[in-house]
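Hi,

Here is the structure I promised to pass on. Have a look first, and my notes follow below.

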Amino acid sequence: MNTDSESILFADECICAAQARAYLCHLMNIHFMGLPDLTFVEQIRSEDFISILEELSNENVLCPNLDVGASLMLGYIQSTAKMEAPELSETLGVDRTRLYRGIKPGYGPPPPCEAVWITCVRDATVVLQELSGIYRLSGMKVSDEAKERPDYIGVELEYLRQLAVQEIEAWKSSNEEKAKELLEKQYNFLTEHLCLWIPNFIEKALSMADTDFYKGHLSMLHSFLAHEQKRIDIIIKN
C-alpha cells in the first residue's frame, strides 16, 4: 500500500506531466489554429518565443526528440531574421496553406482531418458524429473564431489539452479517481484518434514541406504524440 508521502509524490509527478502535455498541445496548436500573419511573425521573432525554442532544443526537456524539431524552427527563424516581415508572413503562409489546408490533390497532403485519413477503415460520417458526441459530453469549448470541423487536427489537439487541464485540477483537488478517469480518456483518445492517423499525415506532410519552420513543427508533433501515449500508459499502470 502506498504511503501518504508516496501518493503526494505520485500526484505531483502527474501534475507536472499533465502541465507539460497541456502546454505542448497549446504550443503545437498555435500553428494549426492561427494564420502566420504579421502579428504571428512578430510573436515568433519575440524573445519569449525564441527562448521557448532554445529551451526545447535541449534534449529531453519535456519529452524525447522534441529538440530536433525545435532546432529546425529556431534555425529557420534565425536564418530569416533579416527578411521583411510581410515577406516572411507570405512565405510561411504559402507553406502552411499547402500543408494544413488540403487545397487540391498534388499541391499538398490531404487536409489534416481524421475522417479524410481513415476512410479506408471507418466511415467519415461515423467519425464526425463520434467526435462531436465526445466533445459534447466532455463540455469541450472551441473558440467561435476557429470554425473548424470536429476532426480537424487542431480541434482534436485542443480536446486533449482541455482534458489535461481538467486532470491537473483533479489532482490538485486530491480527486485521484477523477484524475485517473481523465488520464484514461486522454490515453483512449490518443490511441483511438490522434495516433491512429496523425503520424501518417505527418509523414506525408514532411515530404512536401518547403520551410524548416513547418518541418520542425511537424517533427515536434510526431515526437510529442508518440511520447505522451507511452507516458500516459505507464502512469495508468502504476
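This is a predicted model: local features need pLDDT of at least 70, side-chain atom pairs count only at pLDDT 80 or more; totals for chains, interfaces and linings use all residues.

K237 is exposed, at 66% relative accessibility (buried means under 20% relative accessible area, exposed over 50%, partly exposed in between, with a 1.4 Å probe and protein chains only). Its side chain meets that of D233 in a salt bridge, 3.2 Å from N to O (a side-chain nitrogen of Lys or Arg within 4 Å of a carboxyl oxygen of Asp or Glu). K237 and D233 are 4 residues apart in helix 10, so about one helical turn separates them (helices are DSSP runs of H or I, at least four residues, and are numbered from the N terminus).

Residues are numbered from 1 along each chain as its sequence is written, and side-chain values use heavy atoms, leaving out hydrogens and water.

E167 sits in helix 8 (residues 153-172) and R21 in helix 1 (residues 4-33), so the pair ties together parts 146 residues apart in sequence. E167 is buried at 0% relative accessibility, and R21 is buried with a relative accessible area of 0%.

The whole structure has 12 salt bridges. Another of them links E148 and R101, with the closest N and O atoms 3.2 Å apart. E148 is partly exposed at 25%, and R101 is partly exposed at 32%.

Cheers

Terms used:
Helices (H or I, at least four residues) and strands (E, at least two) are DSSP runs, numbered from the N terminus.
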